[in-house]
Amino acid sequence: MLHLGMGPALATLNNIAGPITGFFTGPLVGATSDSLTSPYGRRRPVIVVGLVATWVAGMLFASAEHLLPKEKAIMFAAPMYWVMDVTINILQTPHRALVADLASDEQQVPMQVVFVCLMAIGNFVAFSIMQIYDVTVEHMFELMLLVCALNTAAVAIQFLVATETPLARDPDKEGAGACAPVVDVAKAVKGSPRILYHLAFVQCLVWIGLTSWNLYAGQWFGVSVYGGDETAEPGSPEHEAYARGETQFAQGGQCKAVLGLVSSLVIILVLLHTKIPPRLVYAPRASSAGPSWGFWPPSSSSRTVSSR
């Protein structure tokens, strides 16, 4: 946003897109996926829609400065940033539910361990991608293209090995219409215990903290720690200092991903082999690694609503 000319205050405010869109999009997408009666299954059609939408929104967002004059690009890129966050939530929401759907009762815990490991690997790869270019913001299109291609490859592999059993249509819900997921979410929230609101509030705080690190720490390293300036002339001391700051941020993120993987595995072992209350185990994990700590195995009765 700063690169395209948006003021610092407005650029900061615009970055609340992720937590806000995720808070509303996740439950709606989960409810839609849970009741989908497509012949291809419940999860995979939603994943495909999310993937295609992310390609479109991501490419439009990343190419804004190439499609329009720079003084007008921000007017297109800012709202497209919100659209892209919505599409990403559509893409990612059904994945864990698909794992829970296809795993047997005995496989639930091992598969959740695999899921956590792959998330940590994904974080490591993401921070590694940041090291391809000295100043990442100058190569948004190339990086977005790479990210979308990696997501496409992952989904393709998933579809090669995952076969869903289509959900039979419920005659009681015939004619429910497109608003049925909204109604389902409203009913679920209305009848939920108070602890759900407590957990939702905690999750929001975790997302805010995670967003602050991911979106601002890189600039803090480049500008405040190393005294650089990404708008300076390429090859100048200020420009090179900013690049060094981004490199350090990326290396810190790689270490964070490795520690996140180790701590996840340790906590899973603690939960499986001790009687320590889960809340005492989740608290430090949540404060250190963000939303990826939700790795507990769903029971067989909860798999149909696990994406909610």
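## Exercises on buried and exposed residues

R44 is buried, with a relative accessible area of 16%, where buried means under 20%, exposed over 50% and partly exposed in between, for a 1.4 Å probe and protein chains only. The model is predicted, so local features need pLDDT of at least 70 and side-chain atom pairs pLDDT 80 or more, while totals for chains, interfaces and linings use all residues. Residues are numbered from 1 along each chain as its sequence is written, and side-chain values use heavy atoms, without hydrogens and water.

**Exercise 1.** Describe the surroundings of R44.

*Solution.* Begin with the helix: R44 lies in α3, residues 44-62, a helix being a DSSP run of H or I with at least four residues, numbered from the N terminus. Next, list the contacts (heavy atoms within 4.5 Å): beyond residues up to four places away in sequence, R44 touches F159, A162, T163 and E164. Finally, look at the side chain, which has a polar atom 3.1 Å from the backbone oxygen of Y40.

**Exercise 2.** Decide whether L118 is buried or exposed.

*Solution.* First locate L118, which has its place in helix α6; then compare its relative accessible area of 55% with the cut-offs, which means that L118 is exposed.

Conventions: Helices (H or I, at least four residues) and strands (E, at least two) are DSSP runs, numbered from the N terminus. A polar contact is a pair of N or O atoms within 3.5 Å; within protein, one must be able to donate a hydrogen and the other to accept it, and residues adjacent in sequence count only if both atoms are side-chain atoms.
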